[in-house]
Protein chains: 2
Amino acid sequence: MSCELCDAPGGVLLWQDARCRVILVDEPGYPGFCRVIWNAHVKEMSDLDAADRAHCMAVVFGVEQALRGLMHPEKINLASLGNMVAHVHWHVIPRFSDDPHFPQPIWGTRQRETRSTRKTDVGPLAATIAAALKNIN
Amino acid sequence: MSCELCDAPGGVLLWQDARCRVILVDEPGYPGFCRVIWNAHVKEMSDLDAADRAHCMAVVFGVEQALRGLMHPEKINLASLGNMVAHVHWHVIPRFSDDPHFPQPIWGTRQRETRSTRKTDVGPLAATIAAALKNIN
């Protein structure tokens, strides 16, 4: 069966190693929205062995730290859902009090039309993620 | 400031250790919906040190494994949001193709009114989680 995360990067590539990649999501109103995508086609986190699970989460938390340091969001949202694309991927979403859905999840009811002027600086974001992950095993 | 996850268990207690607890969420249409709640009032996962982060995720993945073994869901959804209650907690949600929102996130648009007869057997769920976590550090 065809899988969109097997067939394509899934966004602008920010970082990668042999096991996974970090991409920037193009979602209006959500600058800095990243995804950590496991390269192999695996459905659930508990289908990975403990070492791979730990590696995946270290990347997720490294991206969280990079986004916090660069963007100072009100909150970070982390989610691994995969109901439609059952290939392990983590949403790492910096949330701001003036974003379209705050304090609802981004999948909830839209709260406002405001669009801040905040934007994603791809180069610095990629560099900050690389620095956060430079000692990853 | 008062915090509802500091002031109360947050649901039916299924498992606990010194650092965190697992509770059953009472959400209509979502049998087996668990939360892993960090006991200390911490806002983000990256505010925990690496050992505590690893412990928290080991509990999340243990609950995932217990739910998969007992309930055979179509998919597991994992999420740490905290926009309204900024105290680390993880939603661990077994999803079924006939649940109210599938394949949308549970925070999205309701898809159907169907209510399956699936229910949560609290005793076996608590025992299965305890077994999954018996060797946790």
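## Basis of the model

Because the model is predicted, local features need pLDDT of at least 70 and side-chain atom pairs count only at pLDDT 80 or more, whereas totals for chains, interfaces and linings use all residues. Residues are numbered from 1 along each chain as its sequence is written, chains are lettered from A and ligands numbered from 1 in the order in which they are written, and side-chain values use heavy atoms, with hydrogens and water left out.

## The interface between the chains

The size of an interface is often given as the accessible area lost when the parts come together. Chain B and chain A bury about 2900 Å² between them, with 53% of it on carbon and sulfur atoms; buried area here is the accessible area (1.4 Å probe) that two parts lose on being put together, summed over both. Of the area that chain B buries against chain A, B:Glu44, B:Lys75 and B:Asn83 supply 22%, more than any other three residues. Chain B gives 30 residues to the contact and chain A gives 30 residues, where contact means heavy atoms within 4.5 Å.

Between chain B and chain A there are four salt bridges, a salt bridge being a side-chain nitrogen of Lys or Arg within 4 Å of a carboxyl oxygen of Asp or Glu. A:Arg68 forms a salt bridge with B:Asp47, with the closest N and O atoms 2.9 Å apart. On the side of chain B that touches chain A, the elements that give two or more residues are α2, β4 and β5 of chain B; helices (H or I, at least four residues) and strands (E, at least two) are DSSP runs, numbered from the N terminus.

## B:Glu44

B:Glu44 is found in the loop between β3 (34-38) and α2 (50-71) of chain B, and at 3% relative accessibility it counts as buried. Buried means under 20% relative accessible area, exposed over 50%, and partly exposed in between (1.4 Å probe, protein chains only). Leaving aside neighbours within four places in sequence, B:Glu44 is in contact with A:Glu64, A:Arg68, A:Glu74, A:Lys75, A:Ile76 and B:Val88, and its side chain reaches the backbone nitrogen of A:Ile76 at 2.9 Å.

## Strand β4 of chain B

Six of the six residues of strand β4 (residues 75-80) of chain B are buried, so the strand is largely enclosed by the rest of the structure. In a regular strand the side chains alternate between the two faces of the sheet. In β4(B), B:Lys75, B:Asn77 and B:Ala79 point one way, whereas B:Ile76, B:Leu78 and B:Ser80 point the other way.

Strand β4 (residues 75-80) of chain A pairs with β4(B) in the antiparallel sense over three bridges, and the bridge partner of A:Ser80 in β4(B) is B:Leu78. Two strands pair if DSSP finds at least two bridges between them. Within chain B, β4(B) and strand β5 (residues 89-95) pair in the antiparallel sense over five bridges, and B:Lys75 has B:Arg95 as its bridge partner in β5(B).

## Nonpolar cores

A nonpolar core is a set of buried Ala, Val, Leu, Ile, Met, Phe, Trp, Tyr and Cys residues joined through side-chain atoms within 4.5 Å. The largest nonpolar core has 59 residues, and those with the most contacts inside it are A:Trp90, A:Ile129, B:Trp90 and B:Ile129. Apart from this core lies another, of 26 residues, among them A:Leu81, B:Ala79, B:Leu81 and B:Trp107.

## Salt bridges within the chains

Over all chains, 14 salt bridges are found. A:Arg19 and A:Asp52 form one of them, with the closest N and O atoms 2.8 Å apart. This pair links distant parts of the chain, with A:Arg19 in the loop between β1 (12-16) and β2 (20-24) of chain A and A:Asp52 in helix α2 (residues 50-71) of chain A, 33 residues apart. A:Arg19 is partly exposed at a relative accessible area of 27%, whereas A:Asp52 is buried at 19%.

A:Asp99 and A:Arg95 meet through their side chains in a salt bridge (2.7 Å, N to O); A:Asp99 is buried at 4% relative accessibility, and A:Arg95 is buried at 0%.

Methods
A polar contact is a pair of N or O atoms within 3.5 Å; within protein, one must be able to donate a hydrogen and the other to accept it, and residues adjacent in sequence count only if both atoms are side-chain atoms.
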